[in-house]
Amino acid sequence: MNIQILSIALLVGMFVIATMQPINMGALAFACAFLVGSLIMAMKPAEIFAGFPSDLFLTLVGITYLFAIAQINGTIDWLVEGAVKLVRGHVAWIPWVMFLVAAVITGFGALGPAAVAILAPVALGFAFQYRINPVMMGLMVIHGAQAGGFSPISVYGGITNQIVEKAGLPFAPTSLFLSSFFFNLAIAVLVFFVFGGSKVLRKYSVASGPLPDLHPEGVTQSIVGHGGTPATPISHHVFEEQTKNVSALSGLTTERLTTLVGLTALAVGALVLKFNVGLVAITVAVALALLSPKTQKAAIDKVSWSTVLLIAGIITYVGVMEKIGTIDYVAHGISSLGMPLLVALLLCFTGAIVSAFASSTALLGAIIPLAVPFLLQGQISAIGVVAAIAISTTIVDTSPFSTNGALVVANAREAERESVLKALLIYSALIAIIGPVIAWLVFVVPGLV
């Protein structure tokens, strides 16, 4: 076995191990980088660490740190509560408000599972209270989170855009974001009508009962998504108490106002003034921490360090693979097929099927670099292929084996949990087969983006 095949086998092994065991894939990747780079190829540490994504590291830390501050001071809950209040008297708005709020939360830097963890209890509470299909509500939240997930200041967007920019490929962050947003929006429209949206539209008004609790009391049973992330269900008795007044938030405080100003500054600085996303995010987060140090003291602990380790390890290992010739080896194999459109379709299918069981974040960091040499040949639209791969890799996060899907199942009523699980399994299997084909037909074949 040559070293290129061994490095690919180790990469596959990482995904298998991390899927079956709660072991961080980034830690596995750093270990494999040492094994392949130092022990087998006698590479110097500087050569191994040359692939460490320092820019992306700061982006991930800065964005998740800022989002953690927004969570701690109640800004996120304030936004969610404000959006939830809009649905009074409008049942048909409920799924779409959940979709849009999830898109906004991930669009400003939250990880997809974080947005789903915040909104799934609220969405499933509405589903129970107003007799809406819980599968529809769960899928609207997940696809909403994916719709905003590739904004230029989001985690997925940061990972994908920086890999593409570093490789010298055409750089179109806005096209990537809009492609993902409208693709997931189209899926949401189908989900809405397939899972009973027509009946929801005929409900002209809702009862004047209380809104679902943003932080309902949990129960003991939990479901674990891949990677060992706990998905804790909620207690639904709170939605049955028509006399309970649920409004724990005290309005737009000074801290929340400054946080909203900070989030706006991040968007303007990164998108309009073209400053580095990570540097702007960490600067805004530090400014907010200085204004209220006691409140933000726990924010650093809420940074998604496991995700930072995961993506840093994977990209460092991919850098080692590049130095030992694995990327060129794969590119040569792909080129020998002589059919660029077929190769793009296979990459989309690979992303969808693997991501249904493994980490979408890690897969984005691995599959796009493997496609770079093939895309540099210029035979096919690099922007379209990257958009199709990114979408195919993330739309299957509805799977119960992923954290997002597990959170939806966990927050369903106990009597409905089994049926929700089966429905998500069937839906995820279909989306893993159909989604990549549609993404390929829309973004790759015509070369529209």
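The model is predicted: local features need pLDDT of at least 70, side-chain atom pairs count only at pLDDT 80 or more, and totals for chains, interfaces and linings use all residues. Residues are numbered from 1 along each chain as its sequence is written, and side-chain values use heavy atoms, with hydrogens and water left out.

## The chain as a whole

The secondary structure comes to 20 helices and two strands. Helices (H or I, at least four residues) and strands (E, at least two) are DSSP runs, numbered from the N terminus. Of the 449 residues in the chain, 57% are buried. Buried means under 20% relative accessible area, exposed over 50%, and partly exposed in between (1.4 Å probe, protein chains only). The accessible surface of the chain is about 18,500 Å², and 68% of that belongs to carbon and sulfur atoms. These areas come from the Shrake-Rupley method with a 1.4 Å probe; for residues, only the protein chains shown count as cover.

Contact means heavy atoms within 4.5 Å. Among contacts between residues at least 6 apart in sequence, 80% join residues at least 24 apart. In the case of M20 and A358, 338 residues separate the two in sequence, while their C-alpha atoms are 9.2 Å apart in space. M20 belongs to helix 1 (residues 3-20) and is exposed, at 63% relative accessibility.

The expected span of a helix is 1.5 Å times one less than its number of residues.

Which residues of helix 13 are buried? They are V277, G278, V280, A281, V284, A285, L288 and A289. These residues lie on the same side of helix 13, because they cover an arc of only 170 degrees around the axis. The arc is that of the directions from the helix axis to the C-beta atoms. An α-helix has 3.6 residues a turn, so residues three or four places apart point the same way. On the other side of helix 13, T283 and L290 are exposed. The cover over the buried residues of helix 13 includes helix 4 (54-72) and helix 12 (254-272).

At the start of helix 13, the backbone nitrogen of G278 has a side-chain oxygen of N276 within 2.9 Å. The loop between helix 12 and helix 13 holds K274.

Helix 14 (residues 305-323) has 19 residues and reaches 27 Å from its first C-alpha to its last, close to the 27 Å expected at 1.5 Å a residue. Because 14 of its 19 residues are buried, helix 14 is largely enclosed by the rest of the structure. G325, which follows helix 14, has a positive phi near 95 degrees.

## Aromatic pairs

Rings of Phe, Tyr and Trp (its six-membered ring) pair if their centres lie within 6.5 Å; planes under 30 degrees apart count as stacked, over 60 as edge-to-face and the rest as tilted. By this rule there are 11 aromatic pairs. Two of them are tabulated here.

| Pair | Centre to centre | Angle between planes | Class |
|---|---|---|---|
| F52 and F57 | 5.9 Å | 45 degrees | tilted |
| W96 and F192 | 5.5 Å | 45 degrees | tilted |

W96 lies in helix 6 (residues 93-107) and F192 in helix 10 (residues 173-194), so this pair ties together parts that are 96 residues apart in sequence. W96 is partly exposed at 24% relative accessibility, whereas F192 is buried at 2%. One aromatic cluster is formed by W96, F99, F177, F181, F182, F192 and F193. In the other tabulated pair, F52 is partly exposed at 28% relative accessible area, and F57 is partly exposed at 32%.

Most residues other than glycine have a negative phi, and most peptide bonds are trans. K274 is not a glycine, yet its phi is positive, about 65 degrees; K274 is exposed, with a relative accessible area of 65%. R131, also other than glycine, has a positive phi near 55 degrees. R131 sits in the loop between helix 7 and helix 8 (134-147) and is exposed, at 72% relative accessibility.

Technical notes. Polar contact = N/O pair within 3.5 Å; in protein donor to acceptor, adjacent residues only side chain to side chain.
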